[in-house]
Amino acid sequence: MIRGKNLILRTFRESDLNTYFDIVSDLSHMTEFWPAHLQSETNLRKEFSENGFWKAEYKLMLITDIEGKLIGEVDTFKTSPNIQGVEAGYRIFQKRDMGKGYATEALRLFSAYLYTTNPTMLRLTLLIRSDNIGSMKVAEKCGYQNEGTLRNAWVDDGRPYSMEIYSLLRDECPKLQDLLEKSQL
């Protein structure tokens, strides 16, 4: 568990499955920047039972508020065998929780955690839809640098979208211990 100033990042518990499934299955909470893909409850439970959404090539943590209410998720996954790093992603589940700094704090803590636990990792990458201004602001607040645009790299609802590539290198990332000490002030 990683306790920040306004949130907690933690791995999944079996008791989270029902609430998580209800949240991610309710398309009224989906934003224009998160694809409306549904997963079966059976597949969700099977994947959890196999690895708890925590394995070498994929890690998923929940974002909760200080009281423990689920508000979002952060994850990381390997995208290319030729790059010494991983891609990260994040989302806040409901619009009422957006714009409160949760995504920024979660990404900052998660990035520092990943560098702390992966000594050979050289970079973290984010791919953000070019029209997702809010997400680009989150990335920049966390020290990620824009490296360019992948033109027409994503299709959603039959429409092509360009993606911005952001990266955070190891020496650009604050140390997890420093962030944790600041959150206790």
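Trainee: Okay, what is Tyr 144 in contact with, leaving aside its neighbours within four places in sequence?

Mentor: Tyr 144 is in contact with Leu 107, Ser 111, Leu 124, Leu 126, Ala 139, Tyr 166, Ser 167 and Leu 168. Contact here means heavy atoms within 4.5 Å.

Trainee: Before I get carried away, where do the numbers come from?

Mentor: This is a predicted model, so local features need pLDDT of at least 70 and side-chain atom pairs count only at pLDDT 80 or more, while totals for chains, interfaces and linings use all residues. Residues are numbered from 1 along each chain as its sequence is written, and side-chain values use heavy atoms, with hydrogens and water left out.

Trainee: Let's do helix α1. Which of its residues are buried?

Mentor: In α1, residues 17–25, the buried ones are Leu 17, Tyr 20, Phe 21, Ile 23 and Val 24. Looking down the axis of α1, they fall within an arc of 165°, so they line one face of the helix. That arc is taken from the directions from the helix axis to the C-beta atoms.

Trainee: What do they pack against?

Mentor: The buried residues of α1 pack against α2 (41–51), β4 (58–65), β5 (70–77) and β6 (85–92).

Trainee: I keep seeing rings around there. How many aromatic pairs are there?

Mentor: The count comes to 6 aromatic pairs. Rings of Phe, Tyr and Trp (its six-membered ring) pair if their centres lie within 6.5 Å; planes under 30 degrees apart count as stacked, over 60 as edge-to-face and the rest as tilted. Take Phe 12 and Phe 53: they are edge-to-face, 4.6 Å centre to centre with 65° between the planes. Phe 12 sits in the loop between β2 (7–10) and α1, and Phe 53 in the loop between α2 and β3 (54–55), 41 residues apart.

Trainee: Buried or exposed, those two?

Mentor: Phe 12 and Phe 53 are both buried. Tyr 20 and Phe 93 also make a pair, with ring centres 6.0 Å apart and planes at 70°, so this one is edge-to-face. Phe 12, Tyr 20, Phe 48, Phe 53 and Phe 93 form one aromatic cluster.

Trainee: Switching to strands: why is β9 described as largely enclosed?

Mentor: Because 8 of the 11 residues of β9 (residues 159–169) are buried, the rest of the structure largely encloses this strand. Strand β7 (residues 123–129) runs antiparallel to β9, joined by 7 bridges, and Leu 126 has Tyr 166 as its bridge partner in β9. Strands pair if DSSP finds at least two bridges between them.

Trainee: And on to β8?

Mentor: β8 (residues 145–156) is also antiparallel to β9, with 8 bridges. The two form a hairpin with 2 residues between them, and Asp 157 in the turn has a positive phi of about 55°.

Trainee: Last one: how many disulfides are there?

Mentor: The whole structure has 0 disulfides, a disulfide being a pair of cysteine sulfur atoms within 2.5 Å. The sulfur of Cys 142 is 8.9 Å from the closest cysteine sulfur, in Cys 173, so that's too far for a bond. Cys 142 is buried, at 6% relative accessible area, and Cys 173 counts as buried at 9% relative accessibility.

Terms used:
Buried < 20%, exposed > 50% of the residue type's maximum accessible area, 1.4 Å probe, protein only. Helix = DSSP H or I, 4+ residues; strand = E, 2+ residues; numbered from the N terminus.
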